[in-house]
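Subject: Structure for you to look at

Hello,

I am passing on a structure for you to open beside this message.

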Amino acid sequence: MPVNAANDDPEKARRFRDAALPHLDDVYTLARYLLRDASDAEDAVQECYLRALKHFDSYRGPAMKPWLLAILRNVCRAEYARRASSPTGAIEDVADKEEQTPLWSEAPETPETHILRQRDASTIRRLVSALAEPFRETFVLREIQNLSYREIADLADVPVGTVMSRLARARAMLRSAWMAEQEPPK
């Protein structure tokens with residue numbers, strides 16, 4: 001079924017829009033963490049939504065968000081494979097700190113508090129981005145996307161115990177890296 005077939009079926013397009021668009025920010029957030037580049041993340045999200053629309057008639061899952069994240073994960077994996085086989089080789093780590101806003105925000109009480117929060121948010125994003133891929137993915141899916149262990153296990157096609165182990169290790173690595181960041185220079 002061609003992607004533009006949604007134009008032929010306005011009811012399908014409406015149902016898809018109602019079901020999938022509320023998760024757009026979550027899908028983009030995961031893409032941003034997996035691909036580490038805003039432009040690549042936007043492309044991956046677009047491809048994810050095109051694939052989801054194309055296969056929306058066959059969707060029978062219990063929840064739309066894990067289904068979309070699974071599609072996105074496959075799109076990102078395909079991009080990793082494409083980059084690995086390209087002449088340029090490895091994926092570059094792009095730090096668009098000005099473009100990226102904190103995933104959480106509280107009203108700053110003072111300018112000093114605002115600067116400290118920005119610094120901390122930037123440090124956290126950098127530390128999460130530095131995690132190895134399976135730990136970063138698991139951490140983002142649990143702590144940012146709020147998926148259950150079971151949903152993450154189904155999405156990553158690993159046992160729940162592996163999800164729990166990866167999450168515990170990711171938290172420990174982040175804690176160690178955070179403590180190292182907070183130590184005064186000698």
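Before anything else, one term is needed: two residues are said to be in contact when they have heavy atoms within 4.5 Å of each other. Please also keep in mind that this is a predicted model.

I began with helix α9, which covers residues 160–182. At 1.5 Å a residue, its 23 residues should span 33 Å, and because the C-alpha atoms at its ends are 33 Å apart, the two values agree. The buried residues of α9 are Val163, Leu167, Ala170 and Leu174, and what covers them includes α6 (111–130), α7 and α8.

On the α8 side the contact is made by Tyr149, Arg150, Ile152 and Ala153, and on the α9 side by Val160, Val163, Met164, Leu167 and Arg171. Of these residues, seven are nonpolar, none is polar and two are charged.

Finally, please look at the loop between α7 (133–144) and α8, where glutamine 145 lies. Is this glutamine 145 buried or exposed? Its relative accessibility is 1%, so glutamine 145 counts as buried, the cut-off for that being under 20%. Leaving aside neighbours within four places in sequence, glutamine 145 is in contact with Asp26, Thr29, Leu30, Lys65, Leu69 and Val140.

Best wishes

Technical notes
Residues numbered from 1 in each chain as written. Predicted model: local features only at pLDDT ≥ 70, side-chain atom pairs only at ≥ 80, totals over all residues. Heavy atoms only, no water. Axes fitted to C-alpha atoms, helices over the stretch in contact; angles between N-to-C directions. Helix = DSSP H or I, 4+ residues; strand = E, 2+ residues; numbered from the N terminus. Nonpolar A, V, L, I, M, F, W, Y, C, P; charged D, E, K, R; others polar. Buried < 20%, exposed > 50% of the residue type's maximum accessible area, 1.4 Å probe, protein only. Expected span 1.5 Å × (residues − 1).
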